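Me: I am new to this structure and would be grateful for a close look at a single part of it. How many salt bridges does the count come to? Please describe their surroundings as well.

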Amino acid sequence: MEIKKAQELETQLLSLTPAQKVEAIRILTQGINTNNHGITKTPGVMGADACIAGTRIPVWLLATYRRQGAKDADILDQYPQLSAADLVTAWLYAEAFPHEIDTAIHEQEQADAILDAS
């Protein structure tokens, strides 16, 4: 009976949209790690960009590392305050809101170019 319930749950989870998966991860990880509440956007913090909850680490930054070929283990080594669940949440968020993440990356690249030129 338990195997059938697990299979049904898996089918339901796989049918969720990326945004729904982000919310499901947030709910599930609350019971595992009380410091992880998913993704937050806080006015006045990191330009109100989507960040890993309880940190000032924006999702776009993590997505940039991943696009540059960094593995999850590399990112976790660089940011020991993050958990594997945080990265799963970040990847699902980036998948659910690609335009937002691409825009944030582009804006950061422009800001970096201005700083480099001065």
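**The salt bridges and their surroundings**

Reply: The count comes to two salt bridges, a salt bridge being a side-chain nitrogen of Lys or Arg within 4 Å of a carboxyl oxygen of Asp or Glu. The model is a predicted one, in which local features need pLDDT of at least 70 and side-chain atom pairs count only at pLDDT 80 or more, while totals for chains, interfaces and linings use all residues. Residues are numbered from 1 along each chain as its sequence is written, and side-chain values use heavy atoms, with hydrogens and water left out.

Helices (H or I, at least four residues) and strands (E, at least two) are DSSP runs numbered from the N terminus. Glu-100 has a relative accessible area of 26% and is partly exposed; Lys-41, at 47%, is also partly exposed. Here, buried means under 20% relative accessible area, exposed over 50%, and partly exposed in between (1.4 Å probe, protein chains only).

Both partners also touch Tyr-93: leaving aside neighbours within four places in sequence, its contacts (heavy atoms within 4.5 Å) include Lys-41, Glu-100, Val-59 and Ile-101. Tyr-93 itself is buried, its relative accessible area being 7%.

Tyr-93, Val-59 and Ile-101 are among the residues that touch the most other members of the largest nonpolar core, which has 24 residues. A nonpolar core is a set of buried Ala, Val, Leu, Ile, Met, Phe, Trp, Tyr and Cys residues joined through side-chain atoms within 4.5 Å. Among the elements supplying at least two core residues each are helix 3 (59–67) and helix 6 (98–117).
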